[in-house]
Amino acid sequence: MTSRRTFLTGAIAALAGAPAAALAAPAAAAAPGQATPRWGMLIDLRKCIGCQACTVACAQENALPEGQHRTHVPVYELDTPSGPSQAVLPRLCNHCDDPPCMPVCPVDATFKTAAGAVVVDADQCVGCGYCVQACPYEARFINHETGTADKCTFCVQRTEAGLLPACVETCVGNARVFGDLNDPTSALRVLMAAHETKQLRPEFGTNPRVHYIGLDDSLQSAVRTGGGARQLRQSAPARSHQEV
Amino acid sequence: MTAIDILSIDHDMPWRPWAVFYFLLIGASVGAALLAVYARWTKSGEGRGALMAATALAVAAPLPLLADLHQPARFLHFYLSFATDSVMWWGSWLLPLYIGSVVALAVVSALRLRTRLETLLYAAVGLFGIGILGYTAGEMTIVAARPLWHTVAFPVVLTLTALTAGAGATLLFDAVRGEKGLGCRVVAAGSALGLVVMGLWMLTDPAMATLALEHEPLALLGGLLGLGLAVPAALALVAGRSRTGRALAGLAAVFGAFLFRWELFTGAQLMSKTESAFFGHASLTAADTLRAAAGSAGVLVLAILAVIILFTVLAPRGGRQTHA
């Protein structure tokens, strides 16, 4: 199967010297004789322009309630020695190898697919919010419409059909690369081998499957914010009633 | 290096004010129940008020818990799963066992059936009550993503304030019944100890210091340390036989336990873990909070009425006195 996206992905990867075998869109269901994939994502922050196309594509693909997102791209202004610098950091579920959200679930609603994507059985979930508390990446939320825990699934409905996740498919800068971490010839692994990558919040020992190229050290762990949008909203008169 | 967030999204607190009331009611219930068990163990004969308080609070506790679930009608899923890795799953079994044993003990005690069953029920109440204290503190303390909960001090103060709230509720019941009871000593000791631990926590933990000094100085320093811990300890020490003094000490102890839960539950949840989301505000006068307060208070009043009817109307006249 070849799509415009896979063609473009292939063209870009080919320019970067990636093997041709790594260029095809992932086939989630392993063919007979093939090993089960281990999905992962690489986000090249040098290419992300913070356009939020991934945010919108995800919301549309997964029919999310207004204002709730499985992925989004926070924008920061960093105070660097050379002056203010803008940084973007696309965030989504990290589909950790050791996800803290999974063991806390009291009804076994959170589980891993064969390919390692962490997903929620919305019919089983009681909406207790314990997994939302446990996730160190703030990647989960209680869906307003279903009353159950919601999160990125790596678009399991698409990857099982051999398609890319919606955020990857739509990324105009080709900043998001999705593929099989077990396959050393995948574009993902080739890029990871060629660049220094980082994961978010390594101090939690969760071993995320989302890797970043070009991640600023100040954004890797808990971000120390010194103001900005949140502070402006906190001081807004209409909502300034935090007193107890 | 600091960052300024230019674009972030809004999130809601997953645990709403209902959770604060659940943890208050069930903690206070266990605190009162353990007081009743102690009274029975020492044969002091002053444990009836504690048992009444424990029963009313235990009967009321499940409502706010269910209301905090976003899919409350699915609560049976807890019992159809086998999620032994989850502290909350263990709690879902401990809760009915504890409530069932407290209610059974109340019935047996009210009907003055001093039998071996009563002794067994006291043991069960003590055992399951300690289990409840363990699960409520444990399920929050293990959440490494919440720095305010993932500390040594948090479960200690949560447990201490559960005990003082239970003793405080007992003091209120005993004040109405005109009895002295055992609550004052627990309120004095528990509140004083809680004050010391809270002080050390604020001095040694940067996350707690930030909450106390930057976000909620009035509520934590004035409200919790002052009104919620120092005042009940002082009142309990000086109250003597004064019914009003003891009732005020009890009320202040319950207030302290509530404020600790309110501040630590909402304060922790409002702190973004990744600084990529805005969690809004929590207010005692917000509609969500008032709804939870009204619902919890309503079911508690009904539970108190039921307990009073059980112990005063249904109890046989002139029967044998129990130790409780």
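Is the crossing of H7(B) and H11(B) left-handed or right-handed? In this predicted model, the two helices of chain B form a left-handed crossing. Two packed helices are described by the angle between their axes and the distance between the axes. For helix H7 (residues 153-177) and H11(B), the axes come within 7 Å and cross at roughly 150°. Because angles over 145 degrees count as roughly antiparallel, H7(B) is classed as roughly antiparallel to H11(B). The contact of H7(B) with H11(B) comprises 19 nonpolar, four polar and three charged residues.

Helix H11 (243-270) of chain B also takes part in the packing around H12(B). H12(B) spans residues 287-313, a run of 27 residues. The distance from its first C-alpha to its last is 38 Å, close to the 39 Å expected at 1.5 Å a residue. The buried positions of H12(B) are B:Thr289, B:Ala292, B:Ser296, B:Ala303, B:Val307, B:Leu310 and B:Phe311. An α-helix has 3.6 residues a turn, so residues three or four places apart point the same way.

Chain A was examined at the level of the whole chain. Its secondary structure consists of nine helices and 11 strands. Chain A has 244 residues, of which 55% count as buried. Among contacts in chain A between residues at least 6 apart in sequence, those joining residues at least 24 apart account for 56%.

Key:
Residues are numbered from 1 along each chain as its sequence is written. Chains are lettered from A and ligands numbered from 1 in the order in which they are written. This is a predicted model: local features need pLDDT of at least 70, side-chain atom pairs count only at pLDDT 80 or more; totals for chains, interfaces and linings use all residues. Side-chain values use heavy atoms; hydrogens and water are left out. Helices (H or I, at least four residues) and strands (E, at least two) are DSSP runs, numbered from the N terminus. The expected span of a helix is 1.5 Å times one less than its number of residues. Buried means under 20% relative accessible area, exposed over 50%, partly exposed in between (1.4 Å probe, protein chains only). Contact means heavy atoms within 4.5 Å. Axes are lines fitted to C-alpha atoms, for helices over the stretch in contact, and angles run from 0 to 180 degrees between N-to-C directions. Angles under 35 degrees count as roughly parallel, over 145 as roughly antiparallel, 65 to 115 as roughly perpendicular and the rest as oblique. A crossing is left-handed if the near helix is turned anticlockwise from the far one by less than a right angle, and right-handed if clockwise. Ala, Val, Leu, Ile, Met, Phe, Trp, Tyr, Cys and Pro count as nonpolar, Asp, Glu, Lys and Arg as charged, and the others, Gly among them, as polar.
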